[in-house]
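This report describes a single protein chain for a reader who is new to structural analysis. Please examine the sequence and the model shown here before reading on.

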Amino acid sequence: MSSMLTRGMEVKARAPGKIILSGEHAVVYGSAAVAAAIDLYTYVSITFPPPSHSSEILSLQLRDVGLEFSWPTKRIRETLSQTIDSPASATTSCSSETMKLITTLVEEHSIPESKIEIAAGVVAFLWLYTSIQGDKPARIVVSSELPLASGLGSSAAYCVSLSGALLASSDSVNLDFSSEDWLSLGEKEQKLANEWAFEGEKIIHGKPSGIDNTVSTMDINCGIGNLIKLESGALTSIKSNMPLKMLITDTRVSRNTKALITSVAERRDRHPDTMTSVFTAVDYISNELASTIQLSSSNDLAVVEKEEKVEELMEMNQGLLQCMGVSHASIETVISTTHKYKLSSKLTGAGGGGCVLTLLPALLSASVVDAVTAELQQCGFRCFIAGIGGKGLEIRFGGRL
């Protein structure tokens, strides 16, 4: 496959965003969390070699933020000579010394102050690229349907799609490159892509839970309504026996996930016993939520009863997230607005802004959905409806240059 790629074949990867129904933050401390993929994707394309006028250049284009970076491959080898020859089949963490070296490469480019948070993503890109592909020249283009820094796992989808595309372009993954369809990786290759993506997430967020990249990578949550439970690193597929549809409200308030994770850790240090109790309560909520979703429903009444249970669990989880200090005025506005329509909401992801989930019961009228959506949009928020479930990381091979 690699010999074909050297003649200009384009490799594409896509990875979905995610929602967390329960357990964000607490999952870092051993509590269970329930999450699912949504059908909004981040796309990465890689072309070897790049156009002839830049044949010894590694370039990265981030379309959605209007930024482009490029480095002579000679400069990369000089700076990262000790890391670029590592085997891609075994993941390694980025050391603090290597992080400093990569940061110098990123700082050679001028990033506008308003987009400075993108720098960590570029550092993660260079680490993943040089670890898997070495110092080969290439052109990488990234685009996404996910709002950034909003709780929908945009950074994880970025790291997963990068890892998938890079591995698919290496000798570590065997795929049918004659196919033009989206292809899922095998279980072993999924695991490897997930591990590399987690290394990228650590560069961006510091101490991520791993749930975002796992949901985005693994093709175990196929089909509407399928979810996963993550607990102490163990992943369990949950077969949903009830349709779950969510109104997702983007508050348009960006936040720093790394800072929020740190703030929860600091609160835990100040109140160890109390915060342990909070995390334990979240664990009970996640496990009850998973059990409720898996119960079979014999009729509409049973579905309604299960939805009411899910709503209460979401509300309790939101209260505990407030205890952790990760809610925000914009989130509370969404919650109070949806509550007027007797709907239940909670933040999803790190909090501090970002996105809010609102369960849409199966028998809810379209007029109510339209009314609550209109009121939220009047507040300046963006709304969209998503069923939960979907495929994980997929690869496709495009045409040649």
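## Report on the predicted model

Of the 401 residues in the protein chain, 55% are buried, where buried means under 20% relative accessible area, exposed over 50% and partly exposed in between, with a 1.4 Å probe and protein chains only. The model is predicted: local features need pLDDT of at least 70 and side-chain atom pairs count only at pLDDT 80 or more, whereas totals for chains, interfaces and linings use all residues. Residues are numbered from 1 along each chain as its sequence is written, and side-chain values use heavy atoms, with hydrogens and water left out.

The predictor's confidence in each residue is expressed as pLDDT, from 0 to 100. Its mean over the protein chain is 88, and 92% of the residues reach 70 or more. Over residues 221-225, however, the pLDDT is below 50, although this stretch has 16 contacts in the model beyond near neighbours in sequence; a contact means heavy atoms within 4.5 Å. Where pLDDT is low, the predicted coordinates should not be read in detail.

The protein chain contains 12 helices and 13 strands, which are DSSP runs numbered from the N terminus (helices H or I, at least four residues; strands E, at least two). Along the principal axes, the C-alpha atoms fill a box of roughly 65 × 50 × 40 Å. Among contacts between residues at least 6 apart in sequence, 78% join residues at least 24 apart.

Two packed helices are described by the angle between their axes and the distance between the axes. Helix α4 (residues 118-133) packs against helix α6 (residues 187-205) at an angle of about 150°, and their axes are 8 Å apart. Axes are lines fitted to C-alpha atoms, for helices over the stretch in contact, and angles run from 0 to 180 degrees between N-to-C directions. The residues that form this contact are listed by helix below.

| Helix | Residues in the contact |
|---|---|
| α4 | Ala 120, Gly 121, Val 123, Ala 124, Trp 127, Leu 128, Ser 131, Ile 132 |
| α6 | Trp 196, Glu 199, Gly 200, Ile 203, Ile 204 |

Two individual residues complete the description. Ser 330 is found in helix α11 (residues 329-339) and counts as buried, because its relative accessibility is 8%. Setting aside residues up to four places away in sequence, Ser 330 touches Thr 251, Val 253, Gly 353 and Phe 381. His 109 lies in the loop between α3 (96-107) and α4. His 109 and Trp 71 are 38 residues apart in sequence, and their C-alpha atoms are 9.6 Å apart in space.
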